Amino acid sequence: MPAKKPLSIVVAINPTASFGKGREVGPAVVATLRALGHEVTSLTEPDFEQLVAAGRRAVAAKPDALVVVGGDGMVSLGTNLVAKTRVPLGIVPSGTGNDMARGLGIPIGNTEAAIEYLVDALGRPPRIIDAGLVHHENDETGEPTTTWFACVLSAGFDAIVNERANILRHPKGPSRYLLALGIELVKLRPIRYRLVLDGVETVTEAALVSVGNNISLGGGMKVTPNAILDDGLFDVLVVQPLSRTAFLRVFPRVFKGEHLSDPRVAVHRARRVVIEAEGVVAYADGERVGPLPIDIEMMPGALRVLAAESTESTV
Ligand SMILES: Nc1ncnc2c1ncn2[C@@H]1O[C@H](COP(=O)(O)OP(=O)(O)OP(=O)(O)O)[C@@H](O)[C@H]1O
């Protein structure tokens, strides 16, 4: 059911999402919303930082919605702009992974269907979901700062691969991640962590630690397959140290969430998660957060999203 009255909508577009393949999605979203009579502010900037700044100015005017067009990096941008405000976040996925859209049931790989879904959702009350608030140090200034995330935070081997891929200049495209994975797999070592889950401290070696609000990252890798977006809890995945061969055996099972049956894999539920380890940079929703240590706080109901209510039980 489309919205009955004209709305003021900010559309923030990443034209480089999915290596530029979804370039036409942003203009299509803007054209459809304008044709329906909405007052649309379309934001496209040369880089992410300038888009954040433009988005901040636009959200300060309290629009009826902020719509992001791109991948999970754009969900990160949107979440950081509207968490704890009343402005709902719409997503039209045009990225590589699109895991937040996946988790919310927004159509993927079909722009027309995703725009239709958005138009429908604008006519309904938003869905209210949880978000994570990461307390950490600003990488450049060393000052304490915070970053919101909606999907999954990585603080282990997968974050190391992400950091490596960011450093590599070549190749362009998805094969950069494969190269980064290859380089880091050769160097695979157990990471020594200090974890504090709801006040309970553990010092342990692990291959990775991920904190899920949503179920997947990296385009459907169900790292925390039982995570629920509105249960007020994180699913914290801890994978014990693995040899390279064991890693390669367990890894493909993540796509179906079947890695949980491996005895070296555990998931804990918690509201507050402190993660410390040397030499690991945390990533959340595909974006760099900063070096560990980090302190993650569950913020129940912090995010309004233009998506239908889940049919899943939250019990
Ligand atoms: N003009 C721009 N506007 C916004 N982001 C940009 C721009 N140019 C480059 N980027 C980069 O795009 C990244 C976000 O990409 P996004 O997540 O939208 O797509 P993706 O990476 O293809 O998808 P996914 O994260 O779902 O795999 C950010 O890290 C940002 O630095």
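These legends describe close-up views of one predicted model. Residues are numbered from 1 along each chain, as its sequence is written. In this predicted model, local features need pLDDT of at least 70, side-chain atom pairs count only at pLDDT 80 or more, and totals for chains, interfaces and linings use all residues.

**View 1. The annotated span, residues 4–138.**
The UniProt annotation "domain: DAGKc", from an unreviewed entry, covers residues 4–138. UniProt positions follow the numbering used here, feature names are shortened, and annotations may be inferred rather than shown by experiment. The end C-alpha atoms of residues 4–138 lie 43 Å apart. The span is 39% helix and 24% strand. Helices (H or I, at least four residues) and strands (E, at least two) are DSSP runs, numbered from the N terminus.

**View 2. The shell around the ligand.**
The ligand is surrounded by 21 residues. Gly 70, Gly 71, Gly 73, Gly 95 and Gly 97 are the closest. Two or more residues come from each of helix 2 (48–60) and helix 3 (72–82). Helix 3 gives the most, with 3 residues. By class, the shell has 6 nonpolar, 11 polar and 4 charged residues. Ala, Val, Leu, Ile, Met, Phe, Trp, Tyr, Cys and Pro count as nonpolar; Asp, Glu, Lys and Arg count as charged; the others, Gly among them, count as polar.

**View 3. Helix 3, a covered element.**
Helix 3 is mostly covered, with 11 of its 11 residues buried. A residue is buried if 20 or more other C-beta atoms lie within 10 Å of its own, exposed if 12 or fewer, and partly exposed in between; C-beta atoms are placed from the backbone. Among the buried residues are Asp 72, Met 74, Asn 80 and Val 82. Lys 84 follows helix 3, and its phi is positive, near 70 degrees.

The chain is assigned domain 1 (8–125) and domain 2 (131–301). These bounds come from an automatic or database domain assignment. The C-alpha centres of domain 1 and domain 2 lie 25 Å apart. Their contact takes 15 residues from domain 1 and 21 residues from domain 2. Two residues are in contact if their C-beta atoms, placed from the backbone, lie within 7 Å. On the domain 1 side, helix 3 and helix 4 (99–104) each give two or more residues. Helix 3 gives the most to that side, with 6 residues. The residues of this side divide into 4 nonpolar, 8 polar and 3 charged.

**View 4. The largest nonpolar core.**
This core has 93 residues. A nonpolar core is a set of buried Ala, Val, Leu, Ile, Met, Phe, Trp, Tyr and Cys residues joined through C-beta atoms within 7 Å. Val 11, Ala 12, Leu 66, Val 67, Val 68, Val 209 and Ala 282 touch the most other members. Strand 16 (residues 294–305) gives the most to the core, with 6 residues. Domain 1 and domain 2 both give residues, so the core lies between them. Neighbours within four places in sequence aside, the contacts of Val 11 include Gly 26, Val 40, Leu 43 and Val 69.

**View 5. Leu 242 in its loop.**
Leu 242 is found in the loop between strand 11 (234–239) and helix 8 (244–250). Leu 242 counts as buried because it has 21 C-beta neighbours inside 10 Å. Residues up to four places away in sequence aside, Leu 242 touches Ala 207, Phe 247, Val 250 and Arg 264.

Definitions and conventions:
A residue is near a molecule or strand if its C-beta atom, placed from the backbone, lies within 6 Å of it.
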